[in-house]
Amino acid sequence: TDVDKSAWYYDAVEFALRKGLFVGTSDTTFEPNPAMSRAMLVTVLWRMEGEPAVTAANAFTDVVGNAWYAKPVLWANANNIVSGYGGGLFGPNDNITREQMAAVLNRYAGFKGIDVSAADSLADFTDAGRVSDWALAGMKWAVGEKLITGMTTTTLVPQGNATRAQVASILMRYI
């Protein structure tokens with residue numbers, strides 16, 4: 001009920017729901033504008049893989065074994081899709097930033113055997129210098145593949161939160 005058919009993200013939300021990548025936040029709401037959490041993103045990727053069994057040990061002190069996101073996080077870590085913040089922390093409930101999302105998707109594509117060498121210059125974006133060094137290759141790849149097109153024609157907002165609608169749109173382009 002909270003996804004207007006005229007919204008820019010309508011088709012992407014419909015796609016993500018139809019493919020079973022996302023679930024709503026209730027039986028009748030999607031909540032497109034709140035930020036997506038780090039746990040939500042890896043759960044979506046895990047679903048894209050068909051929810052594979054997880055046998056990896058838990059490397060994160062902040063991922064509780066019976067949490068709804070535990071299997072996806074452990075799967076993503078075991079497959080070098082995520083590595084966490086260091087010090088045994090993953091930050092499952094932290095909002096995922098746009099640069100974190102680009103880096104994770106880049107590593108996921110590599111895991112899938114997809115050529116991730118495509119890269120685009122970020123020179124057209126006035127805030128390109130704000131992309132963290134560890135995320136630069138992922139962001140260049142995501143822009144080069146037209147997965148991320150910018151918040152505006154001249155800004156990436158790399159440390160801004162990625163909303164559920166944005167992630168749905170980017171994943172629709174990816175798929």
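Trainee: What should I know before I start?
Mentor: The model is predicted, so local features need pLDDT of at least 70 and side-chain atom pairs count only at pLDDT 80 or more, whereas totals for chains, interfaces and linings use all residues. Residues are numbered from 1 along each chain as its sequence is written, and side-chain values use heavy atoms, with hydrogens and water left out.

Trainee: Okay, how many residues are in the largest nonpolar core?
Mentor: That core has 55 residues, and F22, M101 and I148 are those with the most contacts inside it. A nonpolar core here is a set of buried Ala, Val, Leu, Ile, Met, Phe, Trp, Tyr and Cys residues joined through side-chain atoms within 4.5 Å, where buried means under 20% relative accessible area, exposed over 50% and partly exposed in between, with a 1.4 Å probe and protein chains only.

Trainee: And what does I148 touch?
Mentor: Leaving aside residues up to four places away in sequence, I148 touches R98, M101, A102, M139, A142, V143, L156, I170 and R173, contact being heavy atoms within 4.5 Å.

Trainee: Switching to α4, how many of its residues are buried?
Mentor: Eleven of its 14 residues are buried, which leaves α4 mostly covered; among them are R98, M101 and Y108. The buried residues of α4 pack against α2, α3, α5 and α6. Helices are DSSP runs (H or I, at least four residues), as strands are (E, at least two), numbered from the N terminus.

Trainee: What comes after α4?
Mentor: G113 follows α4, and its phi is positive, near 85 degrees.

Trainee: Now the rings: how many aromatic pairs are there?
Mentor: The count comes to eight aromatic pairs, taking rings of Phe, Tyr and Trp (its six-membered ring) as paired if their centres lie within 6.5 Å, with planes under 30 degrees apart counted as stacked, over 60 as edge-to-face and the rest as tilted.

Trainee: Why is the pair of W75 and F111 edge-to-face?
Mentor: Their ring centres are 5.7 Å apart and their planes lie at 90 degrees, so the pair is edge-to-face. W75 lies in helix α3 and F111 in helix α4, so the pair ties together parts that are 36 residues apart in sequence.

Trainee: Is W75 buried or exposed?
Mentor: W75 counts as buried at 6% relative accessibility, while F111, at 32%, counts as partly exposed.

Trainee: Which residues do ring pairs link into a cluster?
Mentor: The cluster links W75, Y108, F111 and Y174.
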